[in-house]
2 protein chains.
Amino acid sequence: MARQGSQSASPVPSLRIGEVARRTGLPVKTIRYYCDEGLLQPKDRSAGGYRLFDEENLAELAIIRALRAMDVSIPELARILEVRRAGVCNCAVLKDSIAAKMESINLRIGELAAMKDELARLLSSWQDCGGSKLQR
Amino acid sequence: MARQGSQSASPVPSLRIGEVARRTGLPVKTIRYYCDEGLLQPKDRSAGGYRLFDEENLAELAIIRALRAMDVSIPELARILEVRRAGVCNCAVLKDSIAAKMESINLRIGELAAMKDELARLLSSWQDCGGSKLQR
DNA sequence: AAGAACCCTCCACTGGGTAGAAGCTTCACC
DNA sequence: GGTGAAGCTTCTACCCAGTGGAGGGTTCTT
């Protein structure tokens with residue numbers, strides 16, 4: 001078993017990707033993908049090239065995870081995280097994108113409900129098809 | 001302009017892909033894609049290799065269009081159309097897949113509603129952020 | 001020093017199309 | 001019968017948000 005970090009002074013000096021995966025519940029591949037896409041910037045690399053993450057990265061991943069679950073796109077997330085990284089209050093940005101997201105969720109729910117109605121109509125109109133031969 | 005079909009005896013002897021696109025409202029590329037995926041089998045080819053469609057193809061496209069709008073997947077559609085092509089009553093198959101679709105729509109609506117609630121909670125909890133400086 | 005666990009990059013694949021290139025076919029009109 | 005243009009063909013590559021695997025290097029424990 002490869003354990004790491006013999007120091008116990010600072011709480012989270014540097015986490016490797018596997019540990020981050022364990023803590024966030026995201027697959028290692030996905031975290032690496034987020035790095036590639038510029039969403040996440042590991043604070044450092046080990047001498048051997050391993051990505052090293054810190055608590056700030058964990059916080060960012062929490063945001064990413066939450067907003068992805070709400071179908072916020074990767075480019076949108078990149079925008080949000082960039083603003084956040086700049087140290088500016090990102091309430092406005094977040095609020096805008098969340099409001100837009102709620103709007104699109106409402107639309108989508110409406111569409112799905114309409115579909116459901118249509119499917120129900122279909123089903124009830126076929127009530128009487130016994131199942132013997134063609135009606136193509 | 002390239003017009004076609006000087007015969008006017010049979011109502012729909014053979015339509016080329018562009019005309020089918022016009023009648024169904026689907027992009028030419030999409031119809032070709034459906035052919036490639038085996039959903040649609042043009043009744044013939046011209047001497048020059050053009051796909052030639054008939055009314056049965058139009059009916060199939062109508063089904064494809066309607067079910068795709070309800071997020072029925074391409075492989076599922078292939079299954080449905082195959083059964084239909086076999087001349088057997090496909091009520092059972094359709095009913096099953098429609099019932100399953102309704103179930104998944106219900107699930108999805110539930111998920112979306114939960115998301116919306118969560119977003120609303122987020123928004124209301126940020127009510128008081130004026131927008132000046134960081135709170136990262 | 002060995003071995004296990006971990007990590008790296010690179011490439012290919014998913015689904016449901018969409019975009020473009022290079023070249024062939026069909027048609028109306030002259 | 002020639003010409004122009006629209007229409008069609010196949011092929012390749014791209015989109016999103018990852019996921020899987022190959023092949024090889026690093027870190028840690030024993």
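In the predicted model, Asn57(B) is placed in helix 3 of chain B, a helix that covers residues 55-69. The relative accessible area of Asn57(B) is 1%. Because the limit for a buried residue is under 20%, Asn57(B) counts as buried. A polar atom of its side chain lies 3.1 Å from the backbone oxygen of Gln41(B). When residues up to four places away in sequence are not counted, Asn57(B) touches Leu40(B), Gln41(B), Pro42(B), Lys43(B) and Leu52(B).

Asn57(A) lies in helix 3 of chain A, residues 55-69. Asn57(A) is buried, at a relative accessible area of 1%. Its side chain reaches the backbone oxygen of Gln41(A) at a distance of 3.1 Å. Beyond the neighbours within four places in sequence, the contacts of Asn57(A) are Leu40(A), Gln41(A), Pro42(A), Lys43(A) and Leu52(A).

Chain A as a whole contains five helices and two strands. Read from the N terminus, these elements follow the order α-α-β-β-α-α-α. Chain A has 136 residues, of which 33% are buried. Among the contacts of chain A with a separation of 6 or more, 44% are between residues 24 or more positions apart. The accessible surface of chain A is about 8300 Å², and carbon and sulfur atoms contribute 51% of that surface.

Helix 5 of chain A, residues 91-125, holds Ile105(A). With a relative accessible area of 4%, Ile105(A) is buried. Once its neighbours within four places in sequence are left aside, Ile105(A) is in contact with Leu112(B), Met115(B), Lys116(B) and Leu119(B). These contact residues belong to chain B, while Ile105(A) itself belongs to chain A. Within chain A, Asp71(A) is 34 residues away from Ile105(A) along the chain, and the C-alpha atoms of the two residues are 9.6 Å apart.

Over all chains, two aromatic pairs were counted. One of them joins Tyr33(A) and Tyr34(A), with ring centres 6.0 Å apart and planes at 45 degrees, and is classed as tilted. The two members of this pair fall into separate accessibility classes because a residue is buried under 20% and partly exposed between that limit and 50%. Tyr33(A), at 39% relative accessible area, is partly exposed, whereas Tyr34(A), at 7%, is buried. The other pair is made by Tyr33(B) and Tyr34(B), and this pair is also tilted, with a centre-to-centre distance of 6.0 Å and an angle of 45 degrees between the planes. Here Tyr33(B) is partly exposed, at 39% relative accessibility, and Tyr34(B) is buried, at 8%.

DNA strand D is surrounded by 25 residues, and the closest of these are Lys29(A), Thr30(A), Tyr50(A), Gly18(B) and Tyr50(B). Of the atoms of DNA strand D that come within 4 Å of the protein, 71% belong to sugar and phosphate. By residue type, the surface near DNA strand D consists of 11 nonpolar, six polar and eight charged residues.

A backbone N or O atom of Gly48(A) is 2.8 Å from a phosphate oxygen of DNA strand D. In the side chain of Arg32(B), an N or O atom lies 3.0 Å from a phosphate oxygen of DNA strand D. Tyr50(A), one of the closest residues, has a polar side-chain atom 2.4 Å from a base nitrogen of DNA strand D. The elements that supply two or more residues to the surface near DNA strand D are helix 2 (28-36) and helix 4 (74-85) of chain A and helix 1 (17-24) of chain B. Helix 2 of chain A gives the largest share, four residues.

Technical notes
Residues numbered from 1 in each chain as written. Chains lettered and ligands numbered in written order. Predicted model: local features only at pLDDT ≥ 70, side-chain atom pairs only at ≥ 80, totals over all residues. Heavy atoms only, no water. Near = heavy atom within 4 Å. Polar contact = N/O pair within 3.5 Å; in protein donor to acceptor, adjacent residues only side chain to side chain. Nonpolar A, V, L, I, M, F, W, Y, C, P; charged D, E, K, R; others polar. Phe/Tyr/Trp six-rings, centres within 6.5 Å; stacked < 30°, edge-to-face > 60°. Buried < 20%, exposed > 50% of the residue type's maximum accessible area, 1.4 Å probe, protein only. Contact = heavy atoms within 4.5 Å. Areas by Shrake-Rupley, 256 points an atom, 1.4 Å probe, with all protein chains shown as cover.
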